[in-house]
Protein chains: 2
Amino acid sequence: MIVLASGSASRRAMLEAAGVAFDVVRPHVDEDAAKDSLKAEGIEARGLADALAELKAISVSRRQPGRIVIGSDSIVALADGTMLDKPESRDRAAEQLCMMRGGTHRLVSAVVAARDGVPVWRDVDTARLHVRAFSDAFVETYLDAEWPAIAGCVGCFRIEGPGVQLFSKVEGSQFTILGMPLLPLLGWLRDVGEMPA
Amino acid sequence: MIVLASGSASRRAMLEAAGVAFDVVRPHVDEDAAKDSLKAEGIEARGLADALAELKAISVSRRQPGRIVIGSDSIVALADGTMLDKPESRDRAAEQLCMMRGGTHRLVSAVVAARDGVPVWRDVDTARLHVRAFSDAFVETYLDAEWPAIAGCVGCFRIEGPGVQLFSKVEGSQFTILGMPLLPLLGWLRDVGEMPA
């Protein structure tokens, strides 16, 4: 049985819905510190999502000898390149929503599989999300409904819930938007015999 | 409050998740007869989905004076133009899965809003789904898990469940694949003041 190196409810839900059998083991990594240090090196969104997915997969893989461990990460980047972090307060969420309003942002999701501390497969995919020019009143109504549920969501939304109201259009894979490129991952799991083909 | 003219669980779930308030009133229409007669006229998938969505919306709208009624329909069309119906038996589902296998099909979803028996807004959208060359053994395992849950699904799959295992790639909106172009509908509901902007 594979291991999912993630505490994310939406990644867990995706794998469960697809019928994949897995254990969850949370990675012990200082994600914020790693992110800050990679950002300081000038890394862009794809590279950052990939590096953080790898970090999580490898960290758990070292403690789970012989098992396939899946790490994943998502980054939201605004049109000007600004990368958003998880909102640490309702006020910060409101600020981020206003930064996103009326613009198009990229949501990059990466997945890395590791075994015995070594990455053995990876994929990264980007979706483009067009955010409506919603009203200030909408932001407050939205946060009344969705805070603090979205505290752990980069981009301040759950596309599978009221978050869909933020967008006029979304381009790209729903699974990428939910936090993990699922179809390439399932394809690889079939290739290595972890799922029926 | 708007009315959803559909018994479909996935359309209901989509609107609920988005935070739309609605009543469900099932349409009393002979969908199969309407479909057969439209097909006999040589209608293609987009026109058929649109016509059936309108039929459902109008049928319910006549019994719900003054209210906005939403009708919706989805059609799966194989590369050769063959349109699939809901599988009426497990054997027929297996046959359809084998017809879909290794090919790319279109999934067309239409939504029509009606008021007082008259259509007032409509949208139609197409997604493209690439079906894997899965094994015969996979078909049986899949149907063990998903029959009869998929008896009401054109295309024999629930993308939000194990149905995702059928595909190597999907192109287009997840909402269209789930059975209704949700983002255009939400946009129109905001335009007519049925939802906060």
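I first noted that a crossing is left-handed if the near helix is turned anticlockwise from the far one by less than a right angle, and right-handed if clockwise. Helices (H or I, at least four residues) and strands (E, at least two) are DSSP runs, numbered from the N terminus.

I noted that the model is predicted: local features need pLDDT of at least 70, side-chain atom pairs count only at pLDDT 80 or more, and totals for chains, interfaces and linings use all residues. Residues are numbered from 1 along each chain as its sequence is written, and chains are lettered from A and ligands numbered from 1 in the order in which they are written.

**Helix pair.** I looked up α2(A) (residues 31–40) and α3(A) (residues 45–61), whose axes come within 11 Å and cross at roughly 145°. Axes are lines fitted to C-alpha atoms, for helices over the stretch in contact, and angles run from 0 to 180 degrees between N-to-C directions. I recorded the crossing of α2(A) past α3(A) as right-handed.

**Chain contact.** I found 25 residues of chain A in contact with 25 residues of chain B (C-beta atoms, placed from the backbone, within 7 Å). On chain A, α1 (9–18), α5 (136–146), β7 (167–171) and α7 (182–191) each supply at least two residues of this side.

Technical notes: Contact = placed C-beta atoms within 7 Å.
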